[in-house]
Structure formats: C-alpha cells, structure tokens
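Have the sequence and the 3D view open side by side.

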Amino acid sequence: MLDAICRMDKLSQTVYSVFQFQRLDEAEIERLRQHLYCPACAGKAYFRKASKDGKAACFGSRYHQLDCREFKPSANRQREEQDASEVNQLIVDSDALRIDFSKRASSHSTKAKTAATATDNRVSEPAVPMSQTAHSPITPPVKESTPTPSEASIPTPDKRIAREGLEKLLHSLLRGSELANSDLWVYTDDKYRWRAKNLFVNFSQASPTDNGAPRMYWGTISHTDKAMLWLNPADCKDVGIPINGFKEELQQRFAIEHRRDLEGAGIILFGKCFWNKEKTRKIIQLWNRDISRMHISLAEEG
C-alpha cells in the first residue's frame with residue numbers, strides 16, 4: 001500500500017503517503033505507527049521502513065476485507081485463507097486437536113536457513129488433565145516442569161484427534177477461522193487439554209492469568225525496540241514480548257536479519273502474561289524460553 005490512514009481518535013485522522021510517513025522523525029514514526037489503517041477498508045495496517053538491501057518503505061495490512069481495492073490475493077494470502085478453511089473443517093470433523101509443536105513451517109512461508117531441534121519434551125503446559133470430565137473447571141498449576149511418562153494420559157484410540165502445527169493455526173486465526181471461539185478440546189501435550197476458546201487469546205484481549213497459567217497468544221507485530229529485545233504487538237499498546245534470552249536462536253530459526261523483517265509479521269506463542277512492576281504494561285513471556293512454542297510468519301512486501 002502507498003497510503004494509510006493514521007487515526008489517533010474517533011474525531012481526527014490523517015492520510016499519509018508512505019513517502020511522507022518515512023520522512024517523519026523516528027520518534028514521530030514510533031508514536032504513530034500503531035494507529036495506521038487501510039484507507040479503503042479500515043483494516044489494521046503496519047509500516048515497514050526501507051531496508052539496507054534496497055527494499056522500499058511500505059504500508060501493508062493483514063486485515064484487508066476481501067473486497068478491498070488494496071487487497072491483492074498473493075499466493076501467501078491464498079494459502080492463509082486455505083489454512084483457515086482447513087482448520088474450520090478440522091473443528092467439524094474432529095473430537096479434539098493436538099498441537100504439534102515439533103512441526104516446522106512450510107518451506108515457502110519462512111526463510112529459515114537452518115533446521116532447529118524438533119524435540120518437544122522440555123515443557124509441560126498446565127491446563128485440564130484428560131482424565132477430568134468436560135465440565136471440570138480449569139485449575140492449572142503454575143510450575144513450569146516436564147511431566148514424567150506416568151503422569152501423562154494418552155488419548156484413547158476411538159477419539160478423532162487431529163494434529164496440527166503452529167503455522168497453520170496462526171494463519172487460520174489471522175484469517176478469522178472459528179478456532180478462537182470454538183469449544184473444541186485442544187491438547188498441548190499428552191496430559192493437558194483446554195477448550196480452544198479459553199486457550200487462544202489475541203494480544204488485544206491479553207490479561208494476567210491466575211497463578212501465571214499459560215495461554216496461546218497471537219496477533220501481529222508492529223515493531224521492535226532498537227536493540228530488538230522486545231516485540232510490540234500491533235493489536236494493542238500495553239503489551240510487550242521479551243526475546244532477549246533467545247534472540248539469536250529466534251533470528252536463526254526465522255532468518256530475521258533486521259528489525260524491519262518483523263514489522264507486520266504474524267506471531268503465535270505459548271506463554272504466560274503478567275504485569276510489570278509498575279503495573280503499566282503487560283508482559284507475555286515465552287514458556288520456558290522454548291522457541292518451538294513460537295511461530296512467526298513474516299509479512300510480505302507492500
């Protein structure tokens with residue numbers, strides 16, 4: 001997109017061309033960038049700076065309406081729509097869903113240069129044990145630890161339990177699948193299960209949970225800080241995601257070279273939400289800093 005609307009409140013808005021916007025000083029860009037919208041359909045938009053390798057600055061959006069004149073159905077967009085359709089069908093056809101954290105992204109959706117470890121045994125995700133009934137309340141413990149094999153309840157073979165990785169789940173959520181509001185049971189490992197509507201939380205709805213119970217948080221990234229130690233969601237202004245403990249591993253996994261690469265990216269992660277000391281900002285921390293519990297889908301140019 002070459003233009004975007006900057007709307008700071010309901011009463012005032014300004015239309016910027018990408019050329020005007022990129023000429024603003026850095027502090028002004030940081031102040032305005034989370035208030036950008038598509039001029040045609042009002043979908044949430046993002047700004048990406050010009051890159052050192054010659055890519056031009058641009059506006060973009062992952063939230064265009066299908067009939068928006070700014071919407072160009074690229075191959076990636078069509079694939080994300082297909083993922084949403086497949087997940088909707090999965091909800092209809094399955095009794096439950098098991099998240100496969102070891103499943104890597106498809107080759108055409110990430111520039112990752114090296115394969116990360118596919119093992120998936122370092123974390124347990126507190127939620128509702130499988131042995132409990134469907135009417136049991138969620139009372140997750142807070143300790144981050146790995147259950148012993150004897151603690152895990154293996155799903156019964158007569159249940160239709162689908163398996164899916166984070167990439168397709170993220171795409172489906174970004175494209176408005178029914179997953180976020182579904183009553184489908186979702187297993188995060190052999191032992192723990194959740195109702196999908198209680199597990200998947202958009203950043204705009206994030207709030208600290210009782211005893212630090214984890215959730216699957218998702219949305220899009222607006223930008224990072226200069227040192228690229230924090231990810232700032234586009235969906236809200238009071239949430240931050242620290243990555244300083246695993247920044248290099250994350251960069252390698254998703255072939256992230258510059259801050260610009262993350263602008264407008266889709267993201268999903270299993271983590272816990274809590275307040276900072278001043279209770280002015282909510283922190284979403286990746287569970288056990290295990291990047292197999294996170295997926296980033298980089299935005300396209302334009």
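E164 lies in strand 8, which covers residues 161-164. The model is a predicted one, and the values given here are computed from it. Is E164 buried or exposed? Its relative accessibility is 10%, and buried means under 20%, so E164 counts as buried. What does E164 touch, apart from its neighbours within four places in sequence? Its contacts are L97, R98, I99, D100, K103 and L169.

L169, one of these contacts of E164, also takes part in a meeting of two helices. Helix 3 spans residues 75-93 and helix 4 spans residues 166-174. Two packed helices are described by the angle between their axes and the distance between the axes. Here the axes come within 7 Å and cross at roughly 95 degrees. Angles of 65 to 115 degrees count as roughly perpendicular, and helix 3 and helix 4 are therefore roughly perpendicular to each other. On the side of helix 3, the residues in contact are R79, E80, D83, A84, E86 and V87. They meet E167, K168, L169, H171 and S172 of helix 4. Among the residues of this contact, six are charged, three nonpolar and two polar.

Strand 1, residues 3-7, pairs with strand 2 in the antiparallel sense over five bridges. In one of these bridges D3 is partnered by S17 of strand 2.

H223 has N232 in strand 13 as its bridge partner. These two strands form a hairpin with five residues between them. M228, in the turn, has a positive phi of about 55 degrees. Strand 13 is also joined by two bridges to strand 14 (residues 239-242), and the two run antiparallel. L231 is bridged to I241 in strand 14. A hairpin of five residues links strand 13 to strand 14.

Finally, consider the whole chain. Its secondary structure comes to six helices and 17 strands. Of its 302 residues, 52% count as buried. Among contacts with a separation of 6 or more, 66% are between residues 24 or more positions apart. The chain exposes about 14500 Å², of which carbon and sulfur atoms supply 49%.

Conventions: Residues are numbered from 1 along each chain as its sequence is written. This is a predicted model: local features need pLDDT of at least 70, side-chain atom pairs count only at pLDDT 80 or more; totals for chains, interfaces and linings use all residues. Side-chain values use heavy atoms; hydrogens and water are left out. Helices (H or I, at least four residues) and strands (E, at least two) are DSSP runs, numbered from the N terminus. Buried means under 20% relative accessible area, exposed over 50%, partly exposed in between (1.4 Å probe, protein chains only). Contact means heavy atoms within 4.5 Å. Two strands pair if DSSP finds at least two bridges between them. Axes are lines fitted to C-alpha atoms, for helices over the stretch in contact, and angles run from 0 to 180 degrees between N-to-C directions. Angles under 35 degrees count as roughly parallel, over 145 as roughly antiparallel, 65 to 115 as roughly perpendicular and the rest as oblique. Ala, Val, Leu, Ile, Met, Phe, Trp, Tyr, Cys and Pro count as nonpolar, Asp, Glu, Lys and Arg as charged, and the others, Gly among them, as polar. Accessible areas come from the Shrake-Rupley method with a 1.4 Å probe; for residues, only the protein chains shown count as cover.
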